[in-house]
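Got the structure open and want a quick tour before you start clicking around?

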Amino acid sequence: MAPHSSTLAWKIPWTEEPDFRMISLLTYTLKNLPNTSKWALRFCMRPLSSSSQLQAAAASQTKSKKTLAKPNIRNIVVVDGVRTPFLLSGTSYKDLMPHDLARAALSGLLHRTSVPKDVVDYIIFGTVIQEVKTSNVAREAALGAGFSDKTPAHTVTMACISSNQAMTTAVGLIASGQCDVVVAGGVELMSDIPIRHSRKMRKMMLDLNKAKTLAQRLSIISKFRLNFLSPELPAVSEFSTSETMGHSADRLAAAFAISREEQDEYALRSHSLAKKAQDEGLLSDVVPFKVPGRDTVTQDNGIRPSSLDQMAKLKPAFIKPYGTVTAANSSFLTDGASAVLIMAEEKALAMGYKPKAYLRDFMYVSQDPKDQLLLGPTYATPKVLEKAGLTMNDIDVFEFHEAFSGQILANLKAMDSDWFAQNYMGRKAKVGLPPLEKFNNWGGSLSLGHPFGATGCRLVMAAANRLRKEGGQYGLVAACAAGGQGHAMIVEAYPK
C-alpha cells in the first residue's frame, strides 16, 4: 500500500443555514461530501523518500518543545505496563474467568517492574461485561496475584474506555496526594459472557425461595410456562437507542461517504502494520501467559493480513445487503487483560525507576448516542489539546482506538472539516487531520484485538513505547465508547 504525495483537501459547501434536525445533519453531510476515491491512503502522506527527513525533523523538534509540567502539581508517570496476549474469543482463554486474565496481567506487571507489592497503595481495573461471581474483579485479581489484603481495589466500567477511566482515576488519587503508587488496568473475557434466565423465570425462582409451605410452592410452579426458559443474552445494542454499534458505524460511514473499499484498505493497513510490529518485536508490552491445562500463549492471535480481494468477498455484517461494515473491517470479540504501574514522579525516582512517560492532561466527552455514537475522538481531541496548550503539529504519536474502519475514517474526516467543527461542535475551525505516518503505526484494535475493558491501557503503552522508539515527545491517545462517550489524553515521553 504505497503512500501518495497528494493530500486530501475537501470542504463541505456552506452557503445558508438549512432547517436541520440532528438526524438530518448527517444526511446533509452525506449529500455534500465528495466521494473521493481512496482518500484514506492519501491524506497528509509524504513520499517514502522523505521519511528520514521526517524523523530528523521530529527529533530536532522534540528537543525544542516545552514540557507540560505544571507548578504546584505533582508529575505523574507511567513506570511500565504489560498486557496478556489479546486472543480471539473462543480460543485459548475460553475456559478461564476474567479474574484469571486480570491476575495474569498483574503478575506480569510485578515481574516486569519488580515493584514490591506492599508499596502499591491502590488497584483499579476496568471491565464492561461483568462476571457476577467476581463483580469487583480488581479485588479478586489482586488477591489472586498475591497483593496484600490491606490494599484496596475497585472496578470501574465506562464501556470501551473503562481502563482509560481506571488510569485517570489513578491520576486523580495521586494528584490529590491520597496515593503515591497505583496499579490501573482492565480485563474482558468474551468467551464466557453471563447468560441469564428470563425475568419471568427469575421471578418464579425467587418466589419459590420465599415460599414457606408446599401449597405455596405448588401454586407458584403451576404458573410456569415453557417460554420462561428462554435465556437473556447480554445486550449488544445501545440501551437508549436500541441500535447496535455496528449498525451505527454503518450509518456513520454512509453519512461521511466512506466506501467499502476505503474501509477495507484501512483494515488491511492495520493488520499489516500490526504484523510488522509483531515480527520486529515492537509489541514489548505483551507478556507470555501459561494457560492452565494448555500451552503458554506468547502473542496476539487476531493479526491476519489478508488481501483486498478476499476482504471484498465478505457480506455486510449489520445493514444487509447494502451496508459496508463487515467482519474484516471491524474489531473482533477479544479476550485479554492489561495493567500499568502509575506513580508520583518523586516516588518513582526515589525507588530507582526510570519511567516511560508522563500522563498529562485528559478529557472525557459525551454527545448524541444516536448519530454521534462513535465520534468521541473528534470531540475530545481539540479540547485536550487546548487544555494542554498544544496543537496537532506538536503531536508526534497518535494512538486511536479502532472500533471499525468506518469509525476511524469518519472521525478523521470530521476532524478535518471546518463545517463540522462550526455546525456540530460550536468551534470556529477544525482541529486538523493527524498525519497517517504518525497514526497507529504498530496496528490497532482492528488487528491487535479489543478486549473492551483493557484497550485503554494498551493505547497508552503503545504511545509511550512509540515515543521512546521514535524519539518523539508528545502522544495523543483517543477512543470512542458506547453511550456516545469518548476520551483523549496527552502522554509525554520521559526524558532519556
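This is a predicted model: local features need pLDDT of at least 70, side-chain atom pairs count only at pLDDT 80 or more; totals for chains, interfaces and linings use all residues.

The average pLDDT for the protein is 89, and 87% of the residues score at least 70.

- The largest cavity has a volume of about 80 Å³. It is lined by 13 residues, and Leu283, Asp285, Trp442, Arg458 and Ala462 are the closest to its centre.
- Which helix gives the most to the lining of the largest cavity? That would be H16 (residues 455-470), with four residues.
- Sorted by class, the lining of the largest cavity comes out as six nonpolar, three polar and four charged residues.
- The second largest cavity has a volume of about 30 Å³. Its lining is made up of Pro98, Ile129, Gln130, Glu131, Leu189, Asp192, Ile193 and Pro194.
- By class, five residues in the lining of the second largest cavity are nonpolar, one is polar and two are charged.

**Helix contacts**

- H16 turns up again here, this time with H5 (residues 162-175): the two axes come within 5 Å and cross at roughly 65 degrees. Angles of 65 to 115 degrees count as roughly perpendicular, so H5 is roughly perpendicular to H16.
- From H5, the contact uses Ser163, Asn164 and Met167, and from H16 it uses Thr455, Gly456, Cys457 and Val460. In the contact of H5 with H16, three residues are nonpolar, four are polar and none is charged.
- H9 (residues 260-279) packs with H13 (residues 405-415) at an angle of about 100 degrees, and their axes are 9 Å apart. H9 and H13 are therefore roughly perpendicular to each other as well.
- Where do these two helices meet? On the H9 side you'll find Glu262, Gln263, Tyr266 and Ala267, and on the H13 side Ser405, Gly406, Ile408 and Leu409. The contact of H9 with H13 has four nonpolar residues, three polar and one charged.

- As background, most residues other than glycine have a negative phi, and most peptide bonds are trans.
- Lys320 and Pro321 are joined by a cis peptide bond, with omega at about 5 degrees. To find Pro321, look in the loop between helix H10 (308-312) and strand S8 (334-344).
- Asn72 is not a glycine, yet its phi is positive at about 65 degrees. Asn72 lies in the loop between helix H2 (51-64) and strand S1 (76-83).

Methods. Residues are numbered from 1 along each chain as its sequence is written. Side-chain values use heavy atoms; hydrogens and water are left out. pLDDT is the predictor's confidence in each residue, from 0 to 100. Axes are lines fitted to C-alpha atoms, for helices over the stretch in contact, and angles run from 0 to 180 degrees between N-to-C directions. Angles under 35 degrees count as roughly parallel, over 145 as roughly antiparallel, 65 to 115 as roughly perpendicular and the rest as oblique. Contact means heavy atoms within 4.5 Å. Ala, Val, Leu, Ile, Met, Phe, Trp, Tyr, Cys and Pro count as nonpolar, Asp, Glu, Lys and Arg as charged, and the others, Gly among them, as polar. On a 1 Å grid over the protein atoms alone, a cavity is a set of points where a 1.4 Å probe fits but cannot get out, and a pocket is an open set with protein on both sides within 12 Å along at least five of seven lines; lining residues have an atom within 4 Å of a point. Grid points are joined across faces, edges and corners, and a volume is the space filled by probe spheres set on the points.
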